[in-house]
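The following note comments on packing in the structure shown below. Please read each point with the model in view.

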Amino acid sequence: MTKIAKIRGGLYLVLDPSMHRDELFRKLNEVLQEKIAVVQIWDNFPPSIDEVELVNEICDLCHSRNVPVFLNNNWHLKKSTHADGIHFDIIPENFSELREELSADCMFGVTCTNNLSVINWAEENKLDYISFCSMFPSKTSNSCELVSFETIKKAREITDMPIFLAGGIQYQNIKDLKNIKFEGVAVISGIMSSEDPKRATREYLSELKRIKNENSHN
């Protein structure tokens, strides 16, 4: 099996497992024709679905493109699937025990808000990335507080791990993230709700590249 790349930055795609199976895989196939960084499976499984089977099918498809797959909160599924990591919405109280229980190569990420203590915790525990939610108002991130740009700047002073930005990010407003240092953006509806997800992916990647080029010259 090809060794899956570590998290560096780029486009982080979040999948809703409640989406109709055929539509989910059709769109994911299209997105994977472009170069994305990560796929996360949101903790939104319908009661009737075979979670292990679905996760493994997504993993097999993503791994064929060397794209790591993260489970949202569902750490127990890591043992019975090919998933590469866990993304926690909040810090689990038993993180040390979970880390020991899971495979040594399991990767971890956590959602951050304006609370700098979470960033410090992620740095101390050597997580693989952090993700800030929500940068803009969003229907799919309505439980997240809006994160200030100042928080992102302070986070960069605390850690050099990859920083992803999430929540309400459309390719049209990525330009508003100019002048803050981050490695990538996390997207769900902006791509998976598109009639042409491959084109939407290209538009996000193009804007990310443009902003990074501008930031590197400032």
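1. Does Leu32 count as buried or exposed? At 3% relative accessibility, Leu32 counts as buried (buried is under 20% relative accessible area, exposed over 50%, partly exposed in between, with a 1.4 Å probe and protein chains only).

2. The model is predicted: local features need pLDDT of at least 70, side-chain atom pairs count only at pLDDT 80 or more, and totals for chains, interfaces and linings use all residues. Residues are numbered from 1 along each chain as its sequence is written, and side-chain values use heavy atoms, leaving out hydrogens and water.

3. Leu32 lies in the loop between α1 (21-31) and β2 (38-41) (helices are DSSP runs of H or I, at least four residues, and strands of E, at least two, numbered from the N terminus). Leu61, Cys62, Arg65 and Val67 are touched by Leu32, not counting residues up to four places away in sequence (contact means heavy atoms within 4.5 Å). Leu32 and Cys62 are 30 residues apart in sequence, yet their C-alpha atoms are 7.3 Å apart in space.

4. The largest nonpolar core has 61 residues, and Ile58, Phe132 and Leu165 have the most contacts inside it (such a core is a set of buried Ala, Val, Leu, Ile, Met, Phe, Trp, Tyr and Cys residues joined through side-chain atoms within 4.5 Å). Helix α2 (residues 51-63) gives the most to this core, with 6 residues.

5. In helix α4 (residues 116-124), the residues Val118, Ile119, Trp121 and Ala122 are buried. They cover an arc of only 160 degrees around the axis, so they lie on the same side of α4 (the arc is that of the directions from the helix axis to the C-beta atoms).
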